[in-house]
Amino acid sequence: MRVIRCAMRALLWVASLGGTSGSAGAVYLNRLSRSRPWSLLVLLGGLSAALTTQADAISAVQLLREGGCGGIQPAAQPLHHNALLDRAAEQWAAGRSLAGATEYSGYAAEATAGLHISGPESSTIQFIRRSSCRTVTNQRLHDIGVYRCGLDTWLVLAAAYVVPASSHAPVLASRALQLVNGVRARGTRCGERSFGPAPPVRLSGTLAGVALGHAADMAAHNYFEHEDQSGHTPADRVRAAGYQEKLVGENIAYGPKSAEEVVQGWLDSPGHCENIMDPRFAEMGIAYAAGRSSRHGLYWVQLLAAPRA
């Protein structure tokens with residue numbers, strides 16, 4: 001990792017200081033951190049210069065954003081300065097990828113964009129107008145962070161991820177069903193196995209309720225397993241809900257932010273993909289719950305089942 005030393009910015013960062021994904025699949029057959037006064041004056045002087053640098057860089061972006069980059073793009077609302085994105089910009093400057101730097105900073109992003117500008121501050125506006133008007137006027141982006149060292153400035157613009165409300169669950173379930181049935185209709189390859197077209201599955205309210213129960217339990221107790229903390233398997237949970245099954249499959253995931261992302265993640269994993277493509281399954285339930293404690297992402301559970309005739 002490239003290390004950039006910039007004492008002035010380091011002082012500012014010290015003064016201004018106050019993610020994982022995965023999935024798993026399974027099939028179950030009927031079971032399943034005393035300065036002297038002069039030192040303080042030096043610190044405050046450094047802070048003032050650094051704060052001015054931040055304000056200049058951010059002000060340039062705000063000016064272009066509010067003016068639509070000189071009228072060539074639609075005007076956008078001002079961005080909010082976010083300290084976590086300052087940290088992300090610093091980490092990006094130090095060599096991390098933009099996505100990795102944003103995640104490391106603790107900012108949960110739905111979308112990110114980065115600008116690296118080399119040269120004197122007087123050239124910032126001209127540089128952005130020439131190369132990044134669409135980026136700085138992007139209506140999706142709401143927050144900004146900045147890091148400057150020497151003649152280089154790193155800007156990170158982002159939109160925070162917002163956990164979908166529970167009222168949005170039916171929409172996500174319908175979208176997931178559409179994606180699952182689309183791939184079942186086409187057929188696909190799951191690792192080394194090829195699957196031809198399979199009949200569509202339909203949504204089951206009972207399976208959705210069981211899926212929500214397990215997702216909420218994992219989120220509340222910070223674990224990620226098919227077997228819950230009481231030792232119950234997916235088939236046990238389905239049966240306890242009164243569902244008469246002859247075959248049950250479960251896919252779980254932590255981290256995806258949308259139905260598209262979670263379904264594609266499962267399709268990219270052979271075992272999960274095989275569950276989705278199994279022609280014996282006729283019904284599906286899918287649910288999500290927001291994590292707590294150290295895990296704030298979404299826990300997803302997909303149940304697939306073949307009911308008894």
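1. Where in the protein is confidence lowest, and where is it highest? This is a predicted model, and its mean pLDDT is lowest, at 26, in helix H1 (residues 7-16). The highest value, 98, belongs to strand S8 (residues 202-203). Averaged over the protein, pLDDT is 83, and 81% of the residues score at least 70.

2. Two stretches call for caution. Over residues 1-21 pLDDT stays under 50, and the model has 42 contacts beyond four places in sequence for them. Residues 26-53 also stay under 50, with 41 such contacts. Where pLDDT is low, the predicted coordinates should not be read in detail.

3. The disulfide count comes to two. In sequence order, the bonded cysteines pair 1-2, 3-4.

4. The link is left-handed, with -65° about the S-S bond. Cys69 has a relative accessible area of 0% and is therefore buried; Cys133, at 7%, is buried too.

5. A disulfide also joins Cys190 to Cys273, S to S 2.0 Å. Because Cys190 lies in strand S6 (residues 188-190) and Cys273 in helix H12 (residues 270-277), the pair ties together parts that are 83 residues apart in sequence. The torsion about the S-S bond is about -60°, so this disulfide is left-handed. Both Cys190 and Cys273 are buried.

6. Is Cys149 buried or exposed? Its relative accessibility is 13%, so Cys149 counts as buried, the cut-off being under 20%.

Methods:
Residues are numbered from 1 along each chain as its sequence is written. This is a predicted model: local features need pLDDT of at least 70, side-chain atom pairs count only at pLDDT 80 or more; totals for chains, interfaces and linings use all residues. Side-chain values use heavy atoms; hydrogens and water are left out. pLDDT is the predictor's confidence in each residue, from 0 to 100. Helices (H or I, at least four residues) and strands (E, at least two) are DSSP runs, numbered from the N terminus. Contact means heavy atoms within 4.5 Å. A disulfide is a pair of cysteine sulfur atoms within 2.5 Å. Buried means under 20% relative accessible area, exposed over 50%, partly exposed in between (1.4 Å probe, protein chains only).
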